[in-house]
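Work through each task before reading its solution.

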Amino acid sequence: MANDNEPAGVKPLDDLEIVVIVDNETDTLSSVDAGVPQEPELAGHVRRTAPSRYHEGHECRTVFDRLCCACHGYSVLMTGHRDGDAHSVLFDVGPYPGLWLDNAQRLGIDLATIEQIFLSHWHYDHSGGLPEVVAAIGAAREIAELTPPIVDLHPERPDQRGARLPSGDMVLLAQEPTFEVIAGAGGTIAKHAEPHAVCDGFFFVSGAIERVTEYETGLPAHHSFYGERCVHDPLIMDERYVAASVRGRGVSVFSACSHAGIVNVCLAVKTAFPGLPVDLVLGGYHLAGTSVEARIEPTVRDLKTRIDPRLVAPGHCTGWRAKAMLADTFAPGRYAPSVVGTVYRLQTSSA
């Protein structure tokens, strides 16, 4: 029977666990508001680490040498559970494969459980680690006698991207990995530009995000290279989001960079999941930089009044100015910033 609240083929979950593997910031000491389902990185290390000594009958654990490293990039592992089944999708990989692999090891992640790797958009700080990360996950799955990971990519791949400075010079990200290199690393490439369900319907992947608000107009200086051809590309239309719903809580939104605008992303999710409240909004809100910081006030206003999420979890490219306003608006109780190593656990609620 079709569910009226979820897109075709998408199933509500019993619970959803989210682990931040790569983000711009590390912060394991700040307190978490009561009722916010977020676990600081340090708490996970304490749980996973055996005692190294004892004092007055109490266990002592050495954990501060296990903390993850932050960098400019983003990667989140999402694991959903429903009726005893579990599925995991990796949302972006960040720029540096060594850092991703090291952080994943520190966080105790079983690479063999990752069946799908989803790239939100072609930007090296999200895609750069793909070949090596795909290879490591593929090797782990082969040892476990599982199928190779599916790598979900937008088919319109630029070779390189960057921003034009007022001087006319260009500041570039590194070149994007090719389809051939990613496939050669051991992944099964799946090219998609349209919305679809993944991981047996546990997660929903968008197509192009409709631009609705008057102020979320992309990155004015952004350009894309296709071979030697350079095009002005402020809208970055290959960007896609992931969403998943948990029974009794609503639909969670995962937006790695929000070049479309985080309000536009959330409005698109509300259209795809009609009638469901928005639960967690996690990822980069892209409100850092002089060209976009004027959008902070209307973005925060519309998140509060038009979207009304249970939790906001800004990270990556959101910027400290926007985070300050978001915290002032949603804390206490609804502000749970994304930092490397943190874990969110969303469980079925009857409320």
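**Exercise 1.** Describe the second largest pocket by volume, lining and contributing elements.

Solution. Step 1: the second largest pocket holds about 230 Å³ of space. A pocket here is an open set of points on a 1 Å grid over the protein atoms alone, with protein on both sides within 12 Å along at least five of seven lines, and lining residues have an atom within 4 Å of a point. The model is predicted, and totals for linings use all residues, while local features need pLDDT of at least 70 and side-chain atom pairs count only at pLDDT 80 or more. Residues are numbered from 1 along each chain as its sequence is written, and side-chain values use heavy atoms, with hydrogens and water left out.

Step 1: 19 residues line this pocket, and Glu17, Val19, Leu107, Gly108 and Ile109 lie nearest its centre.

Step 2: strand E1 (15-22), helix H1 (41-48), strand E5 (75-82) and strand E20 (343-347) each supply at least two lining residues. H1 gives the most, with four residues.

**Exercise 2.** Describe the largest pocket in the same terms.

Solution. Step 1: its volume is about 520 Å³. Step 2: it is lined by 22 residues, with Ala163, Leu219, His222, His259 and His286 closest to the centre. Step 3: strand E9 (160-164) and strand E10 (170-172) each supply at least two residues of this lining.

**Exercise 3.** How many cavities of 30 Å³ or more does a search of the whole structure find?

Solution. Step 1: the search finds one; in a cavity, a 1.4 Å probe fits but cannot get out. Step 2: 15 residues line the largest cavity, and nearest its centre are Ser258, Gly261, Tyr285, His286 and Arg295.

Notes:
Points joined across faces, edges and corners; volume = space filled by probe spheres on them.
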